[in-house]
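Welcome! Take a moment to turn the model around, and then let us walk through a few of its residues together.

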Amino acid sequence: MEVTISELMEQFLGSPLVTWVKTFGPVGGKSNDKISTYMDLVDGVFLHKIMLQIDPRPTNQRVNKHINNDVNLRVQNLTIIVRHVKNYYQFRDLHYLLSLKNFAV
């Protein structure tokens, strides 16, 4: 049984991750079609906006907003997002550990 690209995209767009992402605002621009939604997610710009809502601390790196289907720019954006998520959890965990240390003293 062969799975088509449109079926894979439909499955991805119906996933819990995409459902959660949509709670932050409309994905896919004004057209809100499946391809626009998919492209907004994979270029990393919308995910970066979500990460800034979760952790608004300023970062030195800005995402490329005009990807134009350039794989290298897309990878750069996703690398920035992964780094931001990693820094957020390290910062949060550090504060948690410090609060435990203060509690133990």
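## A closer look at helix 5

Let us begin with Arg 74, which sits in helix 5. Please keep in mind that the model is predicted. Arg 74 is buried yet forms no salt bridge. The nearest side chain of opposite charge belongs to Asp 43, 6.6 Å away, and a salt bridge needs a side-chain nitrogen of Lys or Arg within 4 Å of a carboxyl oxygen of Asp or Glu. What Arg 74 does have is a polar contact of 3.0 Å between its side chain and that of Asn 69. Leaving out residues up to four places away in sequence, Arg 74 touches Met 39, Val 42, Asp 43, Ile 67 and Asn 69.

Leu 73 also lies in helix 5, which covers residues 71-104. Leu 73 is partly exposed, with a relative accessible area of 21%; buried would mean under 20%. Beyond residues up to four places away in sequence, Leu 73 touches Asn 64, His 66 and Ile 67. Leu 73 and Gly 44 are 29 residues apart in sequence, and their C-alpha atoms are 9.4 Å apart in space.

Further along, His 84 is placed in helix 5 as well. His 84 counts as buried, at 5% relative accessibility. Its side chain reaches the backbone oxygen of Asp 55 at 3.4 Å. With neighbours within four places in sequence left aside, the contacts of His 84 are His 48, Met 51, Leu 52, Asp 55, Arg 57 and Thr 59.

| Residue | Partner | Distance |
|---|---|---|
| Arg 74 side chain | Asn 69 side chain | 3.0 Å |

## The wider picture

How many helices and strands does the protein have? There are five helices and zero strands, giving the pattern α-α-α-α-α along the sequence.

The largest nonpolar core has eight residues: Met 9, Leu 13, Val 18, Val 21, Val 27, Leu 41, Phe 46 and Ile 50. Helix 1 (5-13), helix 2 (16-22) and helix 4 (45-54) are the elements that each give two or more residues to this core. In soluble globular proteins, nonpolar side chains tend to be buried together.

Of the protein's 105 residues, 25% count as buried. The protein exposes about 8000 Å², with carbon and sulfur atoms supplying 61% of it. Among contacts between residues at least 6 apart in sequence, 55% join residues at least 24 apart.

Terms used. Residues numbered from 1 in each chain as written. Predicted model: local features only at pLDDT ≥ 70, side-chain atom pairs only at ≥ 80, totals over all residues. Heavy atoms only, no water. Helix = DSSP H or I, 4+ residues; strand = E, 2+ residues; numbered from the N terminus. Buried < 20%, exposed > 50% of the residue type's maximum accessible area, 1.4 Å probe, protein only. Contact = heavy atoms within 4.5 Å. Polar contact = N/O pair within 3.5 Å; in protein donor to acceptor, adjacent residues only side chain to side chain. Areas by Shrake-Rupley, 256 points an atom, 1.4 Å probe, with all protein chains shown as cover. Core = buried A, V, L, I, M, F, W, Y, C linked by side-chain atoms within 4.5 Å. Lys, Arg positive; Asp, Glu negative; His and termini not counted.
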